[in-house]
Amino acid sequence: GQLLLDGRSFPVVVPVGGSVEIVGGGKAAAGVAAALEAVLAPATATGLRLGGVVSVPEGCGRRLDCVEVRETRPAGMNLPTAAAVAATRQMRAALSALRPDDLAIAIITGGGSALLEDPRDGVTLDGVVAVTRGLAAAGAEIRELNVVRQALSGMKAGGLARACAAGRRATRVRSDVRGDPHALIASAPWLPL
């Protein structure tokens, strides 16, 4: 009846019809989702609803029983796509429909900035791509890129967390950035800044 993440306990005993929603993105998101699904499988036999969507690059997908894994951008192209925006909007809708007794788990791994995207009102996806390309070509570092991404996106800088109505939340953050600084990884969609 407990899920332990880094020693912190999250009860997974929920009321009848209760839910655990797994969302996120990055190169390792499908693997983490598969592990969570396996750990939570016994609870689904007692009525827990387990679902979710994770956004991954092509070649990183896999078929899971409860969590939908979507390959939303070409491998090696670290720019957002319309498919990534659609997946992110589905995550936002699912999170906003959760209840106080539900548990939301976000998986944020390396490469997530392009996989978790929903441009702010008045900003187009083409505009986000053009600005990202321009900054990268000018030699911008990841910290500089992420500051701009956070300004252009409704999901960055805690946007995914703000959409969540679940009373209980957990996150798994992993990347190839030394020290796993949450404010840098995927431009911090789950961490309010």
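The model is predicted: local features need pLDDT of at least 70, side-chain atom pairs count only at pLDDT 80 or more, and totals for chains, interfaces and linings use all residues. Residues are numbered from 1 along each chain as its sequence is written, and side-chain values use heavy atoms, with hydrogens and water left out.

Begin with the whole chain in a cartoon view. The protein has six helices and seven strands; these are DSSP runs numbered from the N terminus, helices being H or I with at least four residues and strands E with at least two. Followed from the N terminus, the order of the elements is β-β-β-α-β-β-α-β-α-α-α-α-β.

Next, display the surface. Of the 193 residues, 50% are buried, that is, under 20% relative accessible area (1.4 Å probe, protein chains only).

Now select Asn78, Leu79, Pro80, Ser113, Ala114, Glu117, Val128, Thr132 and Arg149, which line the largest cavity. A cavity is a set of points on a 1 Å grid over the protein atoms alone where a 1.4 Å probe fits but cannot get out, and lining residues have an atom within 4 Å of a point. The volume of this cavity is about 30 Å³, counted as the space filled by probe spheres set on the points, which are joined across faces, edges and corners.

Finally, highlight helix 3 (112-115) and helix 4 (125-137), each of which supplies at least two residues of this lining.

Note on methods:
On a 1 Å grid over the protein atoms alone, a cavity is a set of points where a 1.4 Å probe fits but cannot get out, and a pocket is an open set with protein on both sides within 12 Å along at least five of seven lines; lining residues have an atom within 4 Å of a point.
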